[in-house]
Amino acid sequence: MDTIAQKTIWASLLVLSFGLTGKATLAQVATPRPTPVSEKVTDPPKAAPAKPHKVWTDDDVTTLRTPADQYAAQKAAQEEAAAAKAKAETAKSTTAPANYPEGVKPAHAALSDPKSTEEANKMIAWENRDLDAQADYLRQMQECASNSSGSQRDHCLTEKARMEGVMAKTQQEVKALKTQKAELEKPKPQP
Amino acid sequence: MLKAKSRKSRKQEKGVALLISIFVLLIISAVGLAMVFATATESSLAGNYKLSTTARYAAMAGLEEARGRMLPKSPNYLNDAATPNFMPATGIALATNQVRYILNPAPGEVVAPTNLASSTTYPDNEYAAEYGQAVTAAVSQTKTSVSPLNNGTIPGPTYKWVRITPATEASLNIDVDNDTNYDNTVSLFYDAAAATPSLMLGVPAGAGNPATAPTPTAKPVFEVTALAVVPGGGEKLLQYAVTATTFNLNFPAALSLPGSNVAFNGANSNQWFADGVDGSGNPPPVPGCVPNQPTVSAVGVTNAGAVNNINNVLGGIAANRMDHYVGAPIAANGQLTSPSVSNVTLNNTMQTPAELNQLVQTIEQNADLVVTGNATESNMPSQMSVNNPMVVVVDGNFSMTGNYTGYGLLVVTGNFAYSGTTGWKGIVLVVGDGTTTFLGSGGGNNEFDGAMLVATIKDANGNLLPALGPSSFQISGGGGNGVYYNSCWINNAQTPPTYKMLSFREIQYND
């Protein structure tokens, strides 16, 4: 460990001494034989195979993190946790209580968990068609409630309230689908 | 001495012949007169009999005209543009304060049964004897006879009026519920599908409203009363008690899937529902009918064989759509079950392939339209409407697309597929061979209001199965084309093939 720390200090001093910005990358720092950036950029393939591959652990990296890095990492973790929580909340609100009896394999949730952005787009389009129909139905029920009386009016108002609930649920599903689509659109990390 | 006696005796016998002759003539005259009187009496009896018979047949003609015109499929159905609410929809009773008349005046004659002040316009005093109040206190509607009497050349029946009223305990003089009270405010019903077919009281729905059916298959009883008065003085007042004969279909679920191995795939859309609450969704109202039957299951299956059909259905419902199948049983706190998928018992005309096959044949015999081969909505009768539900049998596959809505009783013996904003108000029976499938990919806001049943009764070769086979219900799409239980539309879809006579009587007419 000491050797690595010393090398790190030397590498940092070397980079600073060359008047560079101080954004030394881990790869650069990890290079056993510190080389000027210009040299590394021009001929990186030759340098890498020449030395044995070093596997870095989290512990190793931690030692390299500055307080600013640690703050950034902490913040990212918090955001990730918040996103996960939001996703869980969305899933909870759109999934009915599990009423499957024993021995019945639960079916997949409808219009949820797309496997690709194309599939997500199809699901969102489906939901939007349904939303249009639901809005139309709400209009019909509103007109019915306005133009009728007694039990018919009560029926229309009940139906309107029911469809408002359905519509809110559909909008939540669309929101969840858009979140899932955004996740799918994010570039996947290179292997 | 002897000679003298003989002369005296002969003298005494003089004139006897005359007396005898006179006596004989008297007897002959008496016999003759008796024969004359007897002939006159016979003639009078024959005349009276002729008048009575003529009046009887005239009154019968009135009864039969009314019985025929009560059928919605009659070309002279009593409900028309002028009197759209003359008769209630099938399965609905008349309120007890309602009375209907068909009038049949001779040329230049006035027939006014509600004018009790005039004895020359054939007043209906019998109404008060049956209903405890004068007919003037009731709400009446009138129509005229369709007989060609008024056209002159071909004389029609010479009845004067026919009255149609809801039957009550008091009007029929029958204590149906044995409470020693002859009720006159609640209509009577007759349940021909009950284990012991019988009269029963309707469920009161408040003053001025018709009572509702006490059981899903009970139909209201009507009194049809006809008065005939023929020239010469013959008059007859006859009365039927009639009730509609229908297919007596009722359903224990909004969607019934009897069979050995149900394949089920529920809808994706968020507004697709299977709802067992009577009158749920947004159905067009059936005039005079309030959905008030107990809540049924959303999906009903029969547990034929070892396969658990409930699990088959539940396994086909998306995880986030379980609460879209609502219905019985209802918890103590009034909460509906969700998902409502239950084992059910179908009524005794739909439990086996043989029974269902017989039912389909009966429906086919009474259908308004039978399409042999595959059909689409373009093959449906154009007269079918919300006010004119019809019985249609498609002996093949049926595909419904666009914005089409059907009304009545639909039987499909092959596959039934729908898409778009399509729906049906009434009963849909998909009862066919081994390929029976219900395929839905709808959208929009249409609905299936009433009840639906999908069952396989034949194998792929058309042979009747010993037990119901596997059926398939697949809604790959969704939209709002859900299935909503509706007892009013179930009844309204079963347009009666006829009105069955329950009783017949002759009443003394007092004008």
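**Exercise 1.** Decide whether T180(B) is buried or exposed.

*Solution.* T180(B) has 6 other C-beta atoms within 10 Å, and it is therefore exposed, given that a residue is buried if 20 or more other C-beta atoms, placed from the backbone, lie within 10 Å of its own, exposed if 12 or fewer, and partly exposed in between. T180(B) lies in the loop between α4 and β4 of chain B, where helices (H or I, at least four residues) and strands (E, at least two) are DSSP runs numbered from the N terminus. Its phi is near 65 degrees, a positive value in a residue other than glycine.

This is a predicted model, in which local features need pLDDT of at least 70 and side-chain atom pairs count only at pLDDT 80 or more, while totals for chains, interfaces and linings use all residues. Residues are numbered from 1 along each chain as its sequence is written, and chains are lettered from A and ligands numbered from 1 in the order in which they are written.

**Exercise 2.** Find where N446(B) lies and which residues it touches.

*Solution.* Begin with the loop between β22 (437-442) and β23 (448-458) of chain B, which holds N446(B). With 24 other C-beta atoms within 10 Å, N446(B) is buried. Leaving out residues up to four places away in sequence, N446(B) touches T405(B), T421(B), T422(B), G423(B), G480(B) and N481(B), a contact being two C-beta atoms, placed from the backbone, within 7 Å.

**Exercise 3.** Locate the cis peptide bond that joins A328(B) to its partner.

*Solution.* The partner is P329(B), and omega is about 0 degrees; P329(B) belongs to strand β12 (residues 325-330) of chain B.
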